[in-house]
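Hi,

Here is the structure I said I would pass on.

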Amino acid sequence: MKYSVLIVEPSDIIAFGITALLHSSPVLKVVARKNGSEALDVAIKTHQPHALIISPLLQVDVSQIKAQHSLAVAALVHCYVEPRLLKPFDAVIDIHASAQNIENSIKAACENLNEGQSHNVGYELTRREIAVLVLVAQGLRNKEIADRLNVSEHTVMTHRKNIMQKTGIKSVAGLTVYAMLNNLIDEDSLDSVFHNT
């Protein structure tokens, strides 16, 4: 199945860049782009996308959008955003994400929506991968994680690689937000990680 996507991003460079990145995607099809949140409701009704990729800086009421329309809403993050603003989103896409990572995130968010599930890492990540993810989100380095879990650094690196492949997120900031959205760490921990990186 191909998922249709509406992109709402004030930066033309970013909006056109993502559109170009997804142009040959077998999973996603960009049906429209908007520069702002004006008449967003009309755009959603007109294009009926499966997913909305939107800048959280626009500060739209994501909960209201999800209540009125049956679609997944992903935050497109390209700078620091307060963690509380990311909580209502079904997925978080880092600006440095590859087309494959974006596909994985949007597809998972749409599938979760279709199955009536909340965003949950439990079905994807092993318990050890979740433990590594939490420690990464807390700002620990590979050696510190290895010492804490009593494993080798190589094992930690393998877990991190698996986590990145499964979540489609490559940056520490993105993984941290992912952990927070899945209630694996609290907002205070998230703030300290963002401010110390």
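Which residues in α6 meet which residues in α8? From α6 they are Arg128, Glu129, Val132, Leu133 and Val136, and from α8 they are Val156, His159, Arg160, Asn162, Ile163 and Lys166, where contact means heavy atoms within 4.5 Å.

Before the rest, some housekeeping. This is a predicted model, so local features need pLDDT of at least 70 and side-chain atom pairs count only at pLDDT 80 or more, while totals for chains, interfaces and linings use all residues. Residues are numbered from 1 along each chain as its sequence is written, and side-chain values use heavy atoms, with hydrogens and water left out. Helices (H or I, at least four residues) and strands (E, at least two) are DSSP runs, numbered from the N terminus.

Back to the packing. Helix α6 (residues 127-137) and α8 cross at roughly 95 degrees, and their axes come within 9 Å. The axes are lines fitted to C-alpha atoms, for helices over the stretch in contact, and the angles run from 0 to 180 degrees between N-to-C directions. α6 and α8 are therefore roughly perpendicular to each other (under 35 degrees is roughly parallel, over 145 roughly antiparallel, 65 to 115 roughly perpendicular, the rest oblique).

α8 (residues 153-167) also packs against α7 (residues 142-149), at an angle of about 105 degrees and with the axes 8 Å apart. That makes α7 roughly perpendicular to α8 as well. Here Asn142, Lys143, Ile145 and Ala146 in α7 meet Glu153, Val156, Met157 and Arg160 in α8.

Now the salt bridges (a side-chain nitrogen of Lys or Arg within 4 Å of a carboxyl oxygen of Asp or Glu): the count comes to three.

- Lys143 and Asp147 meet at 3.4 Å, N to O. Both lie in α7, four residues apart, about one turn of the helix.
- Lys45 pairs with Asp41, with the closest N and O atoms 3.2 Å apart. These two are also four residues apart, in helix α2 (residues 40-47), about one helical turn. Lys45 is exposed at 54% relative accessible area, and Asp41 is partly exposed at 31% (buried is under 20%, exposed over 50%, partly exposed in between, with a 1.4 Å probe and protein chains only).
- Asp90 pairs with Lys66 at 3.1 Å between the closest N and O atoms. Asp90 lies in the loop between α4 (83-86) and β5 (91-94) and Lys66 in helix α3 (residues 62-68), so the pair ties together parts 24 residues apart in sequence. Asp90 is buried, at 16%.

Cheers
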